Structure formats: C-alpha cells, structure tokens
Amino acid sequence: MRLGVLDGHTVVVSGARAANVRWASRGRLPTDPMALLEDWPRIRDWAAGLPEDAYDIPVDPTALGAPVPRPRQVFAVALNYPPHAAEAGFTPPEEPLVFTKFPACVTGPHTSVALPQGKVDWEVELVAVIGRETYRVSEDRAWKAVAALAVGQDLSERITQLQGKPAQFSLGKSFPGFGPIGPVLVTPDELDVPDDLEITGVLNGEIVQQDRTKSMIFPVPELIARLSAVLPLFPGDLVFTGTPAGVGNRMNPPRYLTDGDELVSRIEGIGEIRQHFTGP
C-alpha cells in the first residue's frame, strides 16, 4: 500500500491515480493520516480490497503533503554508513548515535525552504514510520513495528549544529522545512527487498550522494530494537536512518545550499522528494 496526503485529503495511491479514503470508505475510516496510523492494520487490509474504479483522482506530485504531518517523536541516526563516517573523520560507531529532529520541522515532499543564515547542508535518508506502539521488541520482530518507509532529508545548518560542547545537533537540524518526507508512505511488502534499496541525492542535476541501504551499519530492524529497548515508540513516530557519503561540508572545498538550488532525493521503490531553496 502507498498512502499519501493529496490537497489535504488522505489517499491511497496506485500509479498515477489515487483513491480518497473518506469517499471510498463512505466515511467509515478517519481522514486524518495520524488517526489512520493508529489503526494501521485495518487501513492496510481495507486498501487491499479497493476496486480499480476507486482510484479516480489524478495524482499531481506537487500537491502531495507530508504523509505524517504531526509525529510525536522524530529520531535520527548519525554516521550510519561507513563511507560517511570515514569522510567525517570517524571510525564506524559501535552503538547507534541517536539525536532528535523536532517535529515542527517536518514538511511534505515538494517544498520551498527558506535558508537561514549559516551553512545549510543536505543528507538524503530512508525514513522508517512506526505503525504500532512498540516497546522492547526483538530485532527479528522489529519489521512488524514498521508501518511504512519514506524518503527524507535531514537538512542541517552546520554552524548551529556544531556550536558548543556538546554540540547542538537537534537545533541545527530543526529549522522550518528541515524535515521533508514523502512522497508517500510505502509498506515494506511493496518492496522486493526492503533492506536493500538504492538511495540517491541529486543537487542541481548532479548526483552528490549514492549508496544502497544494505550498507547501513545498523539496519532498520536493529535501530527499532535498540530504540524500543529504551523507550516506547508510537504510531507515526519517524526514524531517519542515516545518510550516505557525499554531504556538502565534507567536500573540498565545502559546498552548502544557496538561493536557487534544487535538491532531489530518491529511494528505489519509494519515489522522490524535491526541495527548492530561497534566501537568505
């Protein structure tokens, strides 16, 4: 199943067309995507039986909104691809390095981002969306806690992020618009091998990041197990799982986002999100 938000309506997407959840269910299902995530098995089973003629709305990608607009918790993982750890001058970590992005930064897949003062960098990431309340789940059962996957960008203002001791990761990564996700939520069963997807970041038509998610030091099930060992995870929580090598602050010379830049983030089998940047 592919679930999205189109012109403010929650929809099930199939190819270039969509079915409005409210209309197709005749009002039996909630229209708020957060409420649907609270009842994920029901919406998934219902969507599986939708007839072809229910998909009667053309999908304009630029009209898609954030498929998870109000997550309670947003986790992110640093240095989760060995080449990125190497370019940053670190050895691969032995434990996941976890920080948070504040939920106010979460936006949809096609956005215009106003650049703050500073040095704004890109980080394409696979995002795992939690689909059931989960606490102390084992790694071999952790995929069952994942409702869907999405493409994300962990946009980062490096001066704010790295100032102070300890550094201010969460603040530097939570400016308005710094957490775009989408284009839709894709259930793992839609993907042949959800642990091995090509992930690509493209800046102004040039590929700057490219790897496969199987390269992650801590794959999705291990991250879910380790996070849930400490605290409960709730439906709609987001886990940004880390970025491959190729970020701007490790280039020679460093390259940061500027007015007029276009950033496209793609993950195989899921789709792409697209950000345009203005200012400062």
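A pocket is an open set of grid points with protein on both sides within 12 Å along at least five of seven lines.

**View 1. The largest pocket of the predicted model and the residues at its centre.** The volume of this pocket is about 340 Å³. Its lining is made of 22 residues. L79, A88, F90, Q161 and F169 are the ones that lie nearest the centre of the largest pocket.

**View 2. Secondary structure around the largest pocket.** Three elements each supply at least two lining residues: strand 6 (74-78), strand 7 (97-100) and helix 5 (158-162). Helix 5 gives the most, with three residues. Sorted by class, the lining of the largest pocket holds eleven nonpolar residues, together with six charged and five polar ones.

**View 3. The second largest pocket and the residues closest to its centre.** This pocket holds about 230 Å³ of space. It is lined by 13 residues, and G15, V59, P61, L64 and P183 are the closest to its centre. The lining of the second largest pocket divides into eight nonpolar, three polar and two charged residues.

**View 4. Strands and domains at the second largest pocket.** Strand 14 (179-186) and strand 19 (271-278) each contribute at least two residues to the lining. Both domain 1 (2-59) and domain 2 (74-278) take part in the lining of the second largest pocket, with at least three residues from each.

Terms used:
Residues numbered from 1 in each chain as written. Predicted model: local features only at pLDDT ≥ 70, side-chain atom pairs only at ≥ 80, totals over all residues. Heavy atoms only, no water. 1 Å grid on protein atoms, 1.4 Å probe; cavity = no way out; pocket = protein on both sides within 12 Å on 5 of 7 lines; lining within 4 Å. Points joined across faces, edges and corners; volume = space filled by probe spheres on them. Helix = DSSP H or I, 4+ residues; strand = E, 2+ residues; numbered from the N terminus. Nonpolar A, V, L, I, M, F, W, Y, C, P; charged D, E, K, R; others polar. Domains from an automatic or database assignment.
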